[in-house]
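Come along and look things up with me.

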Amino acid sequence: MDEKDSTEQEGAPDAGRREALGCLAAWSGAALVWTMAGGVPRAQAAGSIGAGEGGLSFVQISDTHLGFHREANPDVQGSLRRAIADINALQRAPAFAVHTGDVSHLSKPEEFDLGRQMFKEIRVDRVHTIPGEHDALDEGVSGYLKFFDHDGKGKAWYSFDQGGVHFVALNNVLNFSTSRLAALGDEQLAWLKRDLAGLSRSTPIIVLAHIPLWTVYEPWGWGTADADRVMALLRPFGSVTVLNGHIHQVMQKVEGHVAFHTARSLAYPLPTPGQSGFGEPAPVKVPAGELGKLLGTRQLTIVPGSGQLAMVDTPLDH
């Protein structure tokens, strides 16, 4: 099976470890476009995606951590507002937005409520969210679901269809710990099997999951314990894209027809996998003026019938 890993982190420490992981690093200060052709990403100039291009366009934001007030970013609310302004100024308005987890920092009702209110400022029909581990403290996801129960079924996983694409939103922060891999669990996996059962193998699938569905760095819990069972259900489909957050940096991996993409945070950077000096991941303070280069949003465009997915990753400072 063909496999390819890469990251976008320029000048990050511990390059030897990254190379051992098969990662190519670059913190990008400018937008990139990724075009998916045959399951393999290909970099293009950001101007490749025009306002008049057809297909479904949506945006991804992640890891807003509303309620975080530490030195790495004392104004996460301001960072989210900058991202919303960028989204609302896009030349081509997106159909909707997805938030791939950690809306809140401490799972407090006021943090969830702030997120819900701020998401209303995004000029889209709907913001689809999934929980991160910071949204599942103390009460599990019950507090999160009081504000973000998308289908009214009291579950943190659901699916929807739009523009000929099937979207699957998962909860893979059950029993999260930095010392072990979290999981989806049997109930959710049984639901996923039923959800996918009636779809044509040619249907494009986009999966939303907070923690990567591939093992980025197991000592930090950067992976999903039962991801192999998810992959067994997804591999028969001809085009699968998995969008994650959690690790606060852009990384990608391709396995056959399945492409995995993690996203930047809108709160603070985290260290590169296994970076020297970090026993576990913690917010990284960067020099003044650099933070906006390490936070950002993503726009995705799906062109029906072409087998292509274009991705534009844009930092807040661009």
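This is a predicted model: local features need pLDDT of at least 70, side-chain atom pairs count only at pLDDT 80 or more; totals for chains, interfaces and linings use all residues.

**Entry: the cores**

I then looked up where Leu170 belongs. The largest nonpolar core has 63 residues, and Leu170, Ile205, Val207 and Leu213 touch the most other members. Which element gives this core its largest share? I found that α2 does, with five residues. There is also a second, separate core of 17 residues, including Phe58, Val98, Tyr158 and Ile206.

**Entry: the whole protein**

I stepped back for the overall numbers. The protein has seven helices and 14 strands. Of its 318 residues, 56% are buried. I looked up the contacts between residues at least 6 apart in sequence, and 70% of them join residues at least 24 apart. The accessible surface comes to about 12700 Å², and carbon and sulfur atoms account for 50% of that.

**Entry: helix α2**

Helix α2 runs over residues 76-88, which is 13 residues. From first C-alpha to last, α2 reaches 18 Å, close to the 18 Å expected at 1.5 Å a residue. Which residues of α2 are buried? I wrote down Val76, Ser79, Leu80, Ala83, Ile84 and Ile87. These residues cover an arc of only 140° around the axis, so they sit on the same side of α2. I reminded myself why such a spacing works: an α-helix has 3.6 residues a turn, so residues three or four places apart point the same way. Among the elements covering the buried residues of α2 are β4 (56-61), α3 (109-119) and β13 (296-303).

**Entry: helix α3**

I followed the cover over to α3. Its buried residues are Glu111, Phe112, Gly115, Met118 and Phe119. Seen down the axis of α3, they fall within an arc of 130°, so they line one face of the helix. The cover over them includes β4, α2, β5 (97-99), β6 (127-129) and α4.

**Entry: strand β13**

Is Ile302 buried or exposed? Ile302 is buried, with a relative accessible area of 9%. The C-alpha atoms of Ile302 and Leu56 are 5.1 Å apart, although 246 residues separate the two along the chain.

**Entry: salt bridges**

How many salt bridges does the structure hold? I found ten. Side chains of opposite charge can pair when their charged atoms come close.

*Arg298 and Asp313.* Their side chains meet in a salt bridge at 2.8 Å, N to O. Arg298 is in strand β13 and Asp313 in strand β14 (residues 308-315), so the pair ties together parts that are 15 residues apart in sequence. Arg298 counts as buried at 2% relative accessibility, and Asp313 is buried with a relative accessible area of 2%.

*Glu187 and Lys155.* The closest N and O atoms of this salt bridge are 2.7 Å apart. The pair links distant parts of the chain, 32 residues apart: Glu187 is in helix α5 (residues 186-197), and Lys155 is in the loop between α4 (142-145) and β7 (158-162). Glu187 is partly exposed at 48%, and Lys155 is partly exposed at 31%.

*Glu255 and Arg235.* Here the N to O distance is 3.6 Å. Glu255 lies in strand β11 (residues 251-255) and Arg235 in the loop between α6 (227-234) and β10 (240-244), so the pair ties together parts that are 20 residues apart in sequence. Glu255 counts as buried at 15% relative accessibility, whereas Arg235 counts as partly exposed at 38%. I also noted that Arg235, Lys253 and Glu255 are linked in a network of salt bridges.

Notes
Residues are numbered from 1 along each chain as its sequence is written. Side-chain values use heavy atoms; hydrogens and water are left out. Helices (H or I, at least four residues) and strands (E, at least two) are DSSP runs, numbered from the N terminus. The expected span of a helix is 1.5 Å times one less than its number of residues. Buried means under 20% relative accessible area, exposed over 50%, partly exposed in between (1.4 Å probe, protein chains only). The arc is that of the directions from the helix axis to the C-beta atoms. Contact means heavy atoms within 4.5 Å. A salt bridge is a side-chain nitrogen of Lys or Arg within 4 Å of a carboxyl oxygen of Asp or Glu. A nonpolar core is a set of buried Ala, Val, Leu, Ile, Met, Phe, Trp, Tyr and Cys residues joined through side-chain atoms within 4.5 Å. Accessible areas come from the Shrake-Rupley method with a 1.4 Å probe; for residues, only the protein chains shown count as cover.
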